[in-house]
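Keep the sequence and the 3D view side by side and try each task before reading on.

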Amino acid sequence: MSRRVLDLPIDIPWKLIAVSPDMMDTTFGNKAFPFAFRSSLAISAFEPALDDLPSGIEDERVTYLKVSASITGYQPTKAEVDAGYAQFPAVPIEELNRVFTEYFACYGALLNVAVFPRRRTMVELTQQCETFAGLTPGKAQASPLVRAGVSYSASGQSQIQVLDSYPPGGDASAELNIANQLVVTFPPCASVSAVVSQRPPDRREEQERISFATLVPGTTAPNPFPTGSATILQREQRQINVVDLYPSPPDRQGELDLTDGLSVKFPACHRIDVQITQGKATPSDQIRVRALRAGQQVAAATATVDGYQTLTVAADDIDQLVFDVPRKSSSLVGLTRYTWTDVVPQPVTMDVYAGDTLVGSATAGDEVGRGDTLAVSGDDVDRVVLTAPSGNATLVKFCRSVPTERPVSIDDYPHIVEFEPKTRDLYQSASLQGEVLTASRGEIRTDKSMSHTESSQTGLSLSGKYTSPPSPYGQAEVTGSLSHTWGQTDNDSFSTQSDNARERRERTGTSTNLSQMYNLLTGYHVGTNRATFVMLPRPHMLQATDHRTFVKGLRMIEGVQEFFLVVRRPEGMDGLCVEVMLDTGHFPENVQVETPPPVYEYGSDDFKVSVHANSGTIGGGETKNVHDQPDSVYNLSTGWVVDRSKGDPGHPGVSEISVNDNQQSKTSLRAYDYRTISDNAVQVFGTINGAGWGGPGAIFERTYRVFRRSENPKPGGDPVVKSPFFITTRTLGGCMLSGDKSVTPVRPATQAPLTAGRAALVTPTAQATTESVVHERQIRMPSAAFEDNGPESGSLAVKELLRQIQFSLSTSWRGADRRAPGITSFLDTDYFQQKVADLLPEQRRRQRLTDVSGIPEPVVARLGEETTVAEAMRLPLAEFARRAGLDLAEAAEARSGLRNSGEQS
């Protein structure tokens, strides 16, 4: 893997900005060991001087941030454990020990880092913009038009048209028509920008003629008959006759026989001309054509004379014609579709000049109705030429730069332009005899040379030595091997001459080493003001390990992981605030997995069996077997089987639902039965006889219902991990003020919320929350993950568990049952509540809420007065809150009454 080298100027002397206060030992000599074993966060920062920044970074500051995350497993605090023993004296202490001493190892982490402005104002060059307020749309202005020291001139024209075409439909705000070219002149400035918009060009009407002249009269056309963009369908199930009714005498050019219900389908259009020949008949029997849009009639036309004529229907989005033809000897000669076609617009270009020198150009997109911003920067810019080749564009706003103090907007927010690590991967190639591991390695250097590159790749083959038996073809031997390739390149070095002070600074420097845990890791959101890092455990799929999960070989995450971020912000912003949130995911040691029963789809089909046995004039009547008739057998469609759990007694899977036999059939019916003959078919059996000597025939007519079930169960019946996946969180925030030589940790400035468009921006206050459980989720695994099918099944289980962990961590933020940090302790978790509910004495579990003191009466009323303590404790906190009409914090407090007062009741 080749190493990424960031283009940074000097070695980094870090300045600590903030650290998790609850993990600090503030009392010396109290011998309070061991310390709490929990996660922690630390934020460090450094800013290089402006003159040390690489070229290409003007009017900006660069800040380096280092976030150090110490990741551990989760366990209740000593205060929570002591409270638990005190609140449940009736529960055996050894049972409570099993709960409190359980270690929730970390199997995933999600780190969010966000940077914000320290203050709500900043000093910088601002834009002076003209939106042409006060001009009246539709009223032309003399060219040139001078406003606020800026001159607008329409090339080759004495007037400038004032329009209101943006946004589409107008907003009562004036815009200048660019026409073909608009020239803007102004006093020199550093940059210009223009918002331009293209309105729809004039539309062009196109037509498509559909004729049947090439068809030969006397032949037929297929039904349906596709021709051009249209498809013609005759209601009668036969081919369409080709006739020649017009003109007279015939011209041997084909026409389609126009029958009642004939329809024509085609792509949507706004008008149709139909040429028909109407046969002779009474005036009331006239041909009528109906125009449909998505099956609904939108227009119609009626033939008024006999013979050849054109009928026209018009409406938006016509996509079908249907003919009502009461007359014979009529024909469809042809039809013509009319559609609108938009002229393709050409993009607007902006050329920016300083005197006669072209400084730069910008081109807008070609989308109609959208406002495009064109911007060019340069020294002493004084003229802009806007060109619109399609002549359909307007100038909505024109801006030029001039220094001022103004509120911070979302566009000024700091941006994280680079961070490391971005990825940490582990690849495994395995066979039954051994495995080969390939790992990636990365490093960050920020020294003055900006020129050092390195690559390193290691391959490790682990297998036993094997020697084949002697054979006539020789003897083979295989052994393991270790290979390592490396490379190093140094280039692009430079030297600097400067005064003694500068030279001393360059010769004296420090270096930074980042500690890395080589687990699966991915970073997100480069370019925004926040970065997200997802860390997943490293799998060893063929190597047995001391694992704590239900999936073999998945190693827990514990240790220090450091993240390096490069932040850029406007030079006028005097400082930054940094906010960090660490979510970690944990499994208990003893994971319970529950496999739900399969769930199928059910349904039923009705089928009818009809058999007729004729009577006899002399002697006996006709005899017929019902089971010899084709409709006596009913086959289910693919994917269904007969549901034998239902049906009439003695007839599993099928029921007789109606009998419409005549008396002769009922009297003569023998060997009657209806039953399942295969997994997906049923059949009716029996024999009937018609009466002899002129008596009645036998009419067997009965309806049956076959019950069906899907052959395969519905998806979603995968095993569910009943033990919760704990998600804990801790936060840390801190601010820094930029200085000439170093950054200074400061408290955040007191600020009101900032608004910019639709986004609400709030600068965070310095804060730090301790680690607490915020979410409890269940993991659902595919059934195949638990099947022992060799190495492949282990790989599937590991991959699926990693996917579920990442899914749970990345979607937790939007869960309705996610709790705010710090509102619930370990004793408030669903896991602990359900564990303890099973350990309470029987009398306590069955105690009704009405008999428990300390629970508000409205809560008892909403949960139900007959609800027992065990039932209430087993409710997930989110469900408890929903039923009780409380938020999560109130529900946690109310539910705590079950343990705080119940033992004394």
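## Exercise 1: a histidine in a strand

H775 belongs to strand 57, residues 768-780. Strands (E, at least two residues) and helices (H or I, at least four) are DSSP runs numbered from the N terminus. Before starting, note that this is a predicted model, where local features need pLDDT of at least 70, side-chain atom pairs count only at pLDDT 80 or more, and totals for chains, interfaces and linings use all residues. Residues are numbered from 1 along each chain as its sequence is written, and side-chain values use heavy atoms, with hydrogens and water left out.

Task: Is H775 buried or exposed, and which side chain does the side chain of H775 join in a polar contact?

Solution: 
- Step 1. Recall the cut-offs: buried means under 20% relative accessible area, exposed over 50%, and partly exposed in between (1.4 Å probe, protein chains only).
- Step 2. The relative accessibility of H775 is 2%, so H775 counts as buried.
- Step 3. A polar contact is a pair of N or O atoms within 3.5 Å; within protein, one must be able to donate a hydrogen and the other to accept it, and residues adjacent in sequence count only if both atoms are side-chain atoms. The side chains of H775 and D817 are joined by such a contact, at 2.7 Å.
- Step 4. Now list the surroundings, using contact in the sense of heavy atoms within 4.5 Å. Neighbours within four places in sequence aside, H775 is in contact with F725, F726, I727, S812, G815, D817 and R818.

## Exercise 2: an open sheet and its edge

Task: In what order do the 5 strands of the open sheet stand, and which strands stand at the edges?

Solution: 
- Step 1. Strands of a sheet pair through backbone hydrogen bonds, either parallel or antiparallel. Here two strands pair if DSSP finds at least two bridges between them.
- Step 2. The order is 1-2-3-40-30, with antiparallel pairing.
- Step 3. Strand 1 (15-19) and strand 30 (415-420) each have a single partner strand, so they stand at the edges and one side of each is left without a neighbour in the sheet.
- Step 4. On average, neighbouring strands of this sheet are turned by 25 degrees against each other, direction ignored. Angles of this kind come from axes, lines fitted to C-alpha atoms (for helices over the stretch in contact), and run from 0 to 180 degrees between N-to-C directions.
- Step 5. Zoom in on one pair: strand 30 and strand 40 (residues 559-570) run antiparallel over 5 bridges. Within this pair, E420 stands opposite F564 in strand 40.
- Step 6. Follow the chain onward from E420: the peptide bond from E420 to P421 is cis, with omega near -5 degrees. P421 sits in the loop between strand 30 and strand 31 (423-424).

## Exercise 3: a strand with two partners

Task: How many bridges join strand 25 to strand 26, and how many join strand 25 to strand 27?

Solution: 
- Step 1. Strand 25 (residues 349-354) and strand 26 (residues 357-363) run antiparallel and are joined by 6 bridges. V352 has G360 in strand 26 as its bridge partner.
- Step 2. The hairpin of strand 25 and strand 26 has 2 residues between the strands, and G355 takes a positive phi near 70 degrees there.
- Step 3. Strand 25 also runs antiparallel to strand 27 (residues 371-387), with 5 bridges. Y353 has R383 in strand 27 as its bridge partner.

## Exercise 4: two helices crossing

Task: How do helix 1 and helix 2 lie relative to each other, roughly parallel or roughly antiparallel?

Solution: 
- Step 1. Two packed helices are described by the angle between their axes and the distance between the axes.
- Step 2. The axes of helix 1 (residues 78-87) and helix 2 (residues 93-100) come within 11 Å and cross at roughly 155 degrees.
- Step 3. Angles under 35 degrees count as roughly parallel, over 145 as roughly antiparallel, 65 to 115 as roughly perpendicular and the rest as oblique. Helix 1 and helix 2 are therefore roughly antiparallel.
- Step 4. For the residues involved, E80, V81, G84 and Y85 in helix 1 meet I93, L96, N97 and F100 in helix 2.
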